[in-house]
Amino acid sequence: MNIAVIGGGASGIYYSLLRKDKYPEDKITVFEKEERVGRKILATGNGHCNLLNKNLQPEYFNDKSFLDSLLKKYTINDLENVFRSWGIPLMEKEGLVYPLSYSAKNIVNQLISLLNQRKITIKTSTKIANYERKGNKYFVDEYGPFDRIIFSVGGCSQPKLGSDGSLFDLIRSRGYHFQSMMPGLCPIKVKEKGLKAISGIRHRASVKLLVDNRNVYEEEGEILFKDDGLSGIVIFNVESQYARYYSHKTNVKISVDLFPEFSETELLKELNHAKENNLDYLLGFLPKELIAWISKNCQKDNAWWSSELKNLIFTVDKVYGFDSSQVSIGGVLSTNLTESLESKFEKGVFFIGEMVNIDGNCGGFNLSWALLSAMIASE
């Protein structure tokens, strides 16, 4: 079988290796518009490459019902064993799975070496503009004939690393139902002013996404204050929830509880006790810049502080752009695909990775989907 893989990111590389291992007689050509395959992988896990998440469950993705059936086929152990079969040892850190080298650069070099060892053809600096079916074969621009096409291009996130969504208009023109792209896993801009005074401050908190005053999502983790908004992993996950389901809403707020380990009554007790022994007792709770910003430099009593610190409200303005996002929300709807990720409309055409309208939380879930989708399509 002659196969064209459009996109040399994680899912495209994974598919090519998996398919070649199962069917050595196949001829596989990877088309990548950048000068090198795997560029986006280099930015994952802060350069350490968070490959997988041990807690791989449907609830950490948007299309839970579709993922539920797919995750019944493969366990996290199956995914880990793929890397081991390629001679890539793994390590676990608080439920996150990394290469033992702890280096995204190393794993990209290993994956490229594996592609070369299997004599998989890689055509870099090759931007595909069209595909067409002639008889029972496919042609990709002037290349072909191919028995299958695997679309594995990234979404629109990190365009400097090659993901610009340039093929999506072509896919739409073929009649596929498509969820429009939005940035996912990125900071949120808020309407409150003066945040530059607290920019760079980090604090552990419980964060709630409030839509029309209703709590629709809650998570605990470290937040980072920016010049014009909020960041940090917990905010990234909140942002994805907002982008997936609530970006059309106008009354959206973020409630930040800076001390989730205490009830309001317990926090008041801690504040009062500290005040008895120290005039600058608030510095035991917050940086001075954050104290000044929250209080607007006005004198407040401890009852006010205990209430405010448990429910600091920010009004969502908009999300950061694709340049700042880790994943794209949107893509080909799963209703267009079979459980093998083959098109229901074009036999022999498959969609994997970020091409599909499936995205996960921060923490290796999206690279897990890249591998899982490649495993399923390669069968």
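**Entry 1: D257.** I began with the side chain of D257, which reaches the backbone nitrogen of F259 at 3.0 Å, a polar contact in the sense of a pair of N or O atoms within 3.5 Å, where within protein one must be able to donate a hydrogen and the other to accept it, and where residues adjacent in sequence count only if both atoms are side-chain atoms. I kept in mind that this is a predicted model, in which local features need pLDDT of at least 70 and side-chain atom pairs count only at pLDDT 80 or more, while totals for chains, interfaces and linings use all residues. Residues are numbered from 1 along each chain as its sequence is written, and side-chain values use heavy atoms, with hydrogens and water left out.

I found D257 in strand β16 (residues 252–257); strands (E, at least two residues) and helices (H or I, at least four) are DSSP runs numbered from the N terminus. D257 is buried, with a relative accessible area of 12%, where buried means under 20%, exposed over 50% and partly exposed in between, using a 1.4 Å probe and protein chains only. Leaving aside neighbours within four places in sequence, I listed R204, A205, S206, L309 and K310 as in contact with D257, contact meaning heavy atoms within 4.5 Å.

**Entry 2: D359.** I then looked up D359, which lies in the loop between β19 (349–351) and α10 and counts as buried at 0% relative accessibility. Its side chain is joined to that of R244 by a polar contact of 2.8 Å, and, not counting residues up to four places away in sequence, D359 touches residues including Y60, F61, S240 and N366.

**Entry 3: T29.** I placed T29 in strand β2 (residues 27–31), where T29 counts as buried at 12% relative accessibility. Beyond its neighbours within four places in sequence, T29 is in contact with I3, A4, V5, T121, K123 and F146.

**Entry 4: the cores.** I turned to the nonpolar cores, which are sets of buried Ala, Val, Leu, Ile, Met, Phe, Trp, Tyr and Cys residues joined through side-chain atoms within 4.5 Å. The largest has 78 residues, and among the members touching the most others are I6, Y14 and W86. Helix α10 (residues 365–377) gives the most to this core, with ten residues. I also noted a second, separate core of 43 residues, which includes I198, L271, L282 and W293.
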